[in-house]
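Please read them with the structure open.

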Amino acid sequence: AEQMPDEQSAILSMFKAWLRLKELGWEEAQYCPKDGSLFDVIEAGSTGIHRCRYEGKWPTGHWWIVADNDLWPSRPVLFRATGDRNVRDAD
């Protein structure tokens with residue numbers, strides 16, 4: 001509360017974090033690969049970096065977190081390429 005006493009200061013903090021992550025090589029999620037390859041994602045409300053893939057035709061497809069031999073729906077904010085070419089390479 002001391003560092004972000006109101007909505008505007010919290011929004012500014014969120015923007016600064018987004019900008020810094022972009023400087024570190026992350027990109028907006030809508031620009032992720034759409035070919036089934038794997039990439040890392042960051043979701044709002046999570047502190048993790050998750051392995052993900054996009055399935056379907058843009059813009060009506062879906063993002064899926066690949067973890068624990070399962071798929072979990074995702075709404076990522078940012079992505080970065082990993083060099084993985086397909087889901088079979090995840091484990």
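**Notes on side-chain contacts**

1. Lys-22 is partly exposed, its relative accessible area being 28%. Lys-22 is also the partner of Glu-28 in a salt bridge, where the closest N and O atoms lie 2.9 Å apart. Please keep in mind throughout that this is a predicted model.

2. How many salt bridges does a search of the whole structure find? The search gives five. One of them joins the side chains of Glu-23 and Arg-20, at 3.3 Å from N to O. Glu-23 and Arg-20 are three residues apart in helix H1, so about one helical turn separates them. Glu-23 is exposed, with a relative accessible area of 53%, whereas Arg-20 is partly exposed at 44%.

3. Arg-53 and Glu-55 form another salt bridge, with 2.9 Å between the closest N and O atoms. Is Arg-53 buried or exposed? Its relative accessibility is 16%, so Arg-53 counts as buried, the cut-off for buried being under 20%. Glu-55 has a relative accessible area of 36% and is partly exposed.

4. Salt bridges also link Asp-40, Arg-51 and Arg-80 in a network.

5. Turning to the rings, the count of aromatic pairs is five. Among them is the pair of Phe-15 and Trp-18, which is tilted, with 5.6 Å from centre to centre and 35 degrees between the planes. Both residues lie in helix H1 (residues 7-23), three residues apart, or about one turn of the helix. Phe-15 is partly exposed at a relative accessible area of 43%, and Trp-18 is partly exposed at 28%.

6. Why is the pair of Trp-58 and Trp-63 edge-to-face? The ring centres of Trp-58 and Trp-63 are 5.9 Å apart and their planes are at 75 degrees, so the pair is edge-to-face; the cut-offs behind this are centres within 6.5 Å and planes over 60 degrees apart. Trp-63 is buried, with a relative accessible area of 12%, while Trp-58 is partly exposed at 39%.

7. Trp-58 and Trp-63 belong to a cluster with Tyr-54, linked by ring pairs. Which charged end sits over the ring of Tyr-54? That of Lys-34 does, 5.7 Å from the ring centre. The charged end of Lys-34 also sits over the ring of Trp-58, at 4.6 Å from its centre.

Methods:
Residues are numbered from 1 along each chain as its sequence is written. This is a predicted model: local features need pLDDT of at least 70, side-chain atom pairs count only at pLDDT 80 or more; totals for chains, interfaces and linings use all residues. Side-chain values use heavy atoms; hydrogens and water are left out. Rings of Phe, Tyr and Trp (its six-membered ring) pair if their centres lie within 6.5 Å; planes under 30 degrees apart count as stacked, over 60 as edge-to-face and the rest as tilted. Helices (H or I, at least four residues) and strands (E, at least two) are DSSP runs, numbered from the N terminus. Buried means under 20% relative accessible area, exposed over 50%, partly exposed in between (1.4 Å probe, protein chains only). A charge sits over a ring if NZ of Lys or CZ of Arg is within 6 Å of the ring centre and within 35 degrees of the ring normal. A salt bridge is a side-chain nitrogen of Lys or Arg within 4 Å of a carboxyl oxygen of Asp or Glu.
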